[in-house]
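Take a look at the model below.

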Amino acid sequence: MLRFKGKTVLLTGAATGIGRAAALRLTSEGAAVYAVDRNAEELKDTEAVVAEGGAGQIITRVADVSDETSVIDVVADAVGELGGIDVLANVAGVHKTTPIDELSVRDFQGLIDVNLMGTFLFCREAMPHLRKSRGVVINIASTSATHAHPFMAAYAATKGAVLAFSLSLAAEVSADGVRVVAISPGGVVTPLMTGVAFPETVDSSFYSRIQPQLGFGDPAAIAGTIAYAASEDGAFLTGVELRVDGGSHV
Ligand SMILES: NC(=O)c1ccc[n+]([C@@H]2O[C@H](COP(=O)([O-])OP(=O)(O)OC[C@H]3O[C@@H](n4cnc5c(N)ncnc54)[C@H](O)[C@@H]3O)[C@@H](O)[C@H]2O)c1
C-alpha cells in the first residue's frame with residue numbers, strides 16, 4: 001500500500017513510541033515526513049530506522065512543541081522543505097500521575113503547554129497550508145479524555161481539551177476541505193506508559209478493571225489508525241474521536 005505517495009506529513013513526537021511508529025508507517029506508505037521532537041538522540045534513531053526500510057523520506061528537526069516561536073519556525077521550514085503540508089499529526093505528549101493534593105501549578109501547566117498548547121500551535125500555523133492542500137489534522141487525545149482515570153486528572157483535562165478543540169476545529173475548517181480527527185489510544189506500550197508511576201495510595205484494583213481486553217497495545221496499532229484516518233480511506237471522517245483501546249473501557 002502506498003497511500004501516501006507524493007504526500008507530505010508534519011509529525012510531532014516522532015522520537016519514540018507512537019510517533020516513531022507513525023513515522024515508520026507513513027514513510028513505508030510513501031510519505032515524505034518532517035518529524036519533530038525535543039529528544040535529539042531518539043529522533044536520530046527514528047531517522048535511522050526509517051532510512052533502513054522506508055519507501056518515503058524523513059527530515060528531522062529538534063524542537064519544543066510548546067514554544068510558539070519554535071513552532072512558527074518549524075512549520076515554515078517544513079513547508080520550505082516539503083513544498084506544503086498534506087497531513088499534520090500532533091502526537092507529542094507528556095504524562096504525569098499525581099494526587100490532587102500534590103499537584104503543583106507548574107506541573108499542571110507543563111502538561112497544558114505540551115499536550116494542549118503544542119497541538120493548538122501546530123494547528124494554527126499549519127492551517128493555511130492545510131487549506132491549500134485540503135489536508136488532514138490528526139490529534140492524539142487519550143481514553144483519559146472521556147473516562148475516569150484517578151491520579152491523572154491534570155493529564156485527563158489536557159486530553160479532554162485536545163478532544164474538544166479537535167471537534168470544534170473540524171466544524172470550523174470543514175468548509176475549507178480540511179478534516180480533523182482525534183484518536184484516543186488506550187494503554188499502549190511506550191516510554192510514556194512504562195514510565196507511569198502511581199502513588200503508593202493507589203487502589204490498583206481500579207486499574208486492573210480497565211486494562212485492555214486485548215492486552216496492552218503496540219504503537220504500530222495506533223500508527224495504523226493514524227494512517228487510515230489521514231489517508232483517502234478516511235475521506236469521510238471528520239469531527240470524530242476514534243477510540244483505539246483494545247476494549248479497556250467496554
Ligand atoms: N502510550 C499510551 O498508553 C497512550 C495512551 C493514550 C494517549 N497517548 C498519547 O500518545 C501520544 C504519544 O505518546 P507515547 O505513548 O508514544 O509516548 P512517548 O513518550 O514514547 O512519545 C511522546 C513523544 O513526545 C515527545 N515530546 C514530549 N514533549 C515534547 C515537547 N515539548 N516538544 C517536542 N516533543 C515532545 C517525547 O520526546 C516523545 O518522543 C501522547 O500524546 C500521549 O499522551 C499515549
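**Pockets and ligand**

The lining of the second largest pocket divides into 4 nonpolar, 4 polar and 6 charged residues. Here Ala, Val, Leu, Ile, Met, Phe, Trp, Tyr, Cys and Pro count as nonpolar, Asp, Glu, Lys and Arg as charged, and the others, Gly among them, as polar. This is a predicted model: local features need pLDDT of at least 70, side-chain atom pairs count only at pLDDT 80 or more, and totals for chains, interfaces and linings use all residues. Residues are numbered from 1 along each chain as its sequence is written, and side-chain values use heavy atoms, with hydrogens and water left out.

The second largest pocket holds about 210 Å³ of space. Of the 14 residues that line it, Lys7, Arg134, Val136, Ala230 and Glu232 are the closest to its centre. A pocket is found on a 1 Å grid over the protein atoms alone: it is an open set of points where a 1.4 Å probe fits, with protein on both sides within 12 Å along at least five of seven lines, and lining residues have an atom within 4 Å of a point. Points are joined across faces, edges and corners, and a volume is the space filled by probe spheres set on them.

Now the largest pocket. Its volume is about 1100 Å³. Among its 46 lining residues, His95, Tyr155, Thr190, Leu192 and Met193 are the closest to the centre. The lining has 24 nonpolar, 18 polar and 4 charged residues.

The ligand sits in this largest pocket, meaning that more than half of its atoms lie within 2 Å of the pocket's grid points. Around the ligand are 29 residues (a heavy atom within 4 Å). Thr16, Ile18, Asp37, Tyr155 and Thr190 come nearest. By class, the shell has 16 nonpolar, 9 polar and 4 charged residues. Helix α6 (191-194) gives the most, with 3 residues; helices are DSSP runs (H or I, at least four residues), numbered from the N terminus.

Which polar contacts (N or O pairs within 3.5 Å) reach the ligand? A polar side-chain atom of Asp64 lies 2.8 Å from a ligand nitrogen. Taken alone, the ligand exposes 810 Å², and the protein buries 95% of that (Shrake-Rupley, 1.4 Å probe).

Conventions: Polar contact = N/O pair within 3.5 Å; in protein donor to acceptor, adjacent residues only side chain to side chain. Helix = DSSP H or I, 4+ residues; strand = E, 2+ residues; numbered from the N terminus.
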